[in-house]
Amino acid sequence: MLFLMYKMKSLVQSAVIITVLLILQSCNKNTNDHFFDDGVSSELAQWRSKAISKVVYTIRFSIPETISEPIGAQETIQFDLNSKSKPVLLDFRTPAGYLKSVKVNEKELVPSVKDNHIIIPKKLLVIGQNHISLIFRAGDQSLNRNDDYLYTLFVPDRACTAFPCFDQPDLKAYFNLTLDIPSSYEAIANNPVIKQDSSDGRKIITYGRGEKLPTYLFAFAAGKFQRIEKEVDGIKMEMLHRETRKDYIDRNADEIFRLHSKAIRWMEEYTGIKYPFPKFGFVVIPTFQYSGMEHPGAICYKASSLFLDESPAITEQLNRASLIAHETSHTWFGDLVTMKWFNDVWLKEVFAGFFADKIVKPAFPEINNDLRFLLSHFPSAYAVDRTRGSNPIIQQLDNMKDAGSLYGNIIYHKAPVVMRQLEQITTDEGLKKGLREYLKKFSYGNAEWDDLVQILESSSGKELKEWSNVWVREPGMPLIAPVTEKINNEYKIRFTETDPSGKNRHWPQMLDTKILTGTGSYAALLYPGDTKSGITLTSEPICIIPDTSGMSYGCFVTDSISLLYLKKNIASIADPLQRGILWVNLNEQMLNCKLDPVTLYSMMFSAIDSENDQLIQTYLTGRLAYIFLNKFDAGERNVYGVQLEELAWRKVSDNSAGSQRRTWFSLYRSIALTKEGLDRLYKIWQSGKLPGGVTLSEDEQCTTAFNLSLKDYPLADSVLSQQSRSIKNPDRLKKFAFIRPAVSTDESVRLKFFESLRDQANREREPWVIEALGYLHSPLRENSSEKYILPSLEMLEEIKATGDIFFPASWITTTLEGHHSDYAKQTVTDFLNSHPDYPENLKLKILQAADQLLK
Ligand SMILES: [Zn+2]
């Protein structure tokens, strides 16, 4: 669009053309209006990426010892400009007065910020190389300042909240960083240190410029950290951490380094590209918002994701290995080749997840990987895709300021399912060849999904557009139901496919179907929606299992005859993957109101006793707790509670493995409601031990104490006080003190806690807020917490503006998921009706979160 307009201008010779141009310009005016918008509009991003190149940021941050003092900063931005058709806009989203001085090519400019941009007039700029020098106070919003440490988290568009920059992913730049920090601090950044000086109780660290990075990957952390350096398999690594428990370090550090080095070597082998950045390092942060973030050379992790308790469950070890593999894979997918615009953010996420699965698989031969894939992705993907608020994998993004709302279950959980289909279509080798070519072609640059589709089409010789259109560019999923027709003495079985939205879309996929009859079992590959695709049997089916491969995606309806069979026999189906698929399908039907919760609960309750697959056991314990707390009323909890407590306690006592005792104890802790049950919970908390001498970790003790309070146990206050006194680590003590009022037995304390969240400063530790909200809105306290729903909805826009990317969705999901009352339903419905112009992306998040409430 812009290119066309410039071309027209050079033709302005005749009156006729002038008239045409005027019309064209007036047509174009609307689209260009967004150039100066707050945030980074796609118009601004496109213009900048064409006009600006060779960007180098040279930045110095002076970090004071105390959190209350401002962080001073100086910066020079060097870049080449090839067009003066527009002013250059720098992004700088800080409170008024933070910008102190601006010099453009040695000429002073009055410092001013309008709609979060510093506008550099054309007359001060030159075609060719430009220098802009700035002195400013760094904005605190994404510097995550704590009393004695801070860390940056700039994804997706938050670099400009700290320093002026071109905050879009396709203007990659070199960063020359200098940190001026208290001498008691350690620091880490993307690149290696090239110089370090000390004077007057300060350390001045200068880092090398490394490779080009987008602003969202530029990172550093500084503070009272311990540093461990290690070389494994020829790879030098550094880790910064704040863990004070020596046994946690002794137990975990070597394994953490080993897992990183293994992931690096695996990725080098697969991609044919050596680790592409000048150093490898990571920082482990107690309050980190996500599990991990892939800044090259300075990956950030949440401490609890890496430092595991004593005798961790195999799934915890697997999750940690997967997380490390995920963040390390991003070095190639995301860091080396970056999406052009954030609508393709899913692409780096899906590949990181895809490779994480491949990297960790051989190290856990005891884990059924297909089952694990099923249980970790399908329920979470369905949780969004079944709702009225679902979104496609590729979403429209008009402005970077909305990029945070693109993240969610569809990106993290549906995309991996779709990617496995892609691998099936293109074959392992075809995919590998295509990905190698893609990474090589776009190294240190940017690419889009369609670039990859094009490469994969030629590397595999398969047509992918139609598949991509429905699976990647459309939201939702098909409803797939079996049909059995009796013709003469034969039974023909096929599947119908329905588009729940009524748009008649077709999702190409193949079902690996299994049919049981009184005389045997039959397999067939069937295509839903294709009336010609079916299997004909001579005896009547007693159970139809739509798909046994775990590759198919949709809402699978269980017919009444199959349900009857499964009620009696699901536990005796030999293949754990098939059992897992059936449980997930049945659970979906319960959530879609097609299966009564009591029926499913009873099936799960009878099956769990004999279930020996740990993944399914963990899944079933989670579902039993969910149904018991969320789908049962108080009367049903009375009826079923005693036997559920009895089962959970028996399993805590009988199991030999410590990790299994822990899994069962977490179920017991959440569902114990009887007096005897709570007395026992109290005794466990007092002793800190489970039967068999399994010691509970401090986190488990805190959770147990919170649960006693949540259930109004008479000694709850003294339990909480005693727990608080026993916590030695200052970071964990702060967390405990933060969450404590949310579980208080005193309603006025809880109200005060909720009111305190109106102040942004009290929402800064987002994981703590979410944990506290989980207790505040527990289904056990539904009545007293429904008054917080409306204010929580009213705060959502502000939360999106001030919080990190996952926070708005977590905030609203945690608020709504424990509520089931008509009042709660009405509150959400009225809120949506009274806000017809509410931002679409947030409305979708509300609809996703309110799925069960609005059903
Ligand atoms: Zn990721």
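Modeller: F35 lies in the loop that joins α2 (15–32) to α3 (42–51); helices here are DSSP runs of H or I with at least four residues, strands are E runs of at least two, and both are numbered from the N terminus. The model is predicted, so local features need pLDDT of at least 70 and side-chain atom pairs count only at pLDDT 80 or more, whereas totals for chains, interfaces and linings use all residues. Residues are numbered from 1 along each chain as its sequence is written, and side-chain values use heavy atoms, with hydrogens and water left out.

With a relative accessible area of 2%, F35 is buried (under 20%; exposed is over 50% and partly exposed lies in between, with a 1.4 Å probe and protein chains only). Beyond its neighbours within four places in sequence, F35 has contacts (heavy atoms within 4.5 Å) with S41, E43, L44, W47, K86, P87 and L89. Between the C-alpha atoms of F35 and A321 there are 44 Å in space, and the two residues are 286 apart in sequence.

Confidence deserves a word here. Over residues 1–31 the pLDDT (the predictor's confidence in each residue, from 0 to 100) stays under 50, and the model has 19 contacts beyond four places in sequence for this stretch. The protein chain has a mean pLDDT of 93, with 96% of its residues at 70 or more.

Helix α9 (residues 409–426) packs on helix α10 (residues 428–441) at an angle of about 105°, and their axes are 6 Å apart. Hence α9 is roughly perpendicular to α10 (65 to 115 degrees; under 35 is roughly parallel, over 145 roughly antiparallel and the rest oblique). L422, E423 and T426 of α9 meet D428, G430 and L431 of α10 in this contact.

Helix α27 (residues 807–816) is largely enclosed by the rest of the structure, because 7 of its 10 residues are buried. These are F807, P808, W811, I812, T814, T815 and L816. They pack against α24 (766–776), α26 (789–802), α28 (822–833), α29 (840–849) and α30 (851–854).

Methods. Axes are lines fitted to C-alpha atoms, for helices over the stretch in contact, and angles run from 0 to 180 degrees between N-to-C directions.
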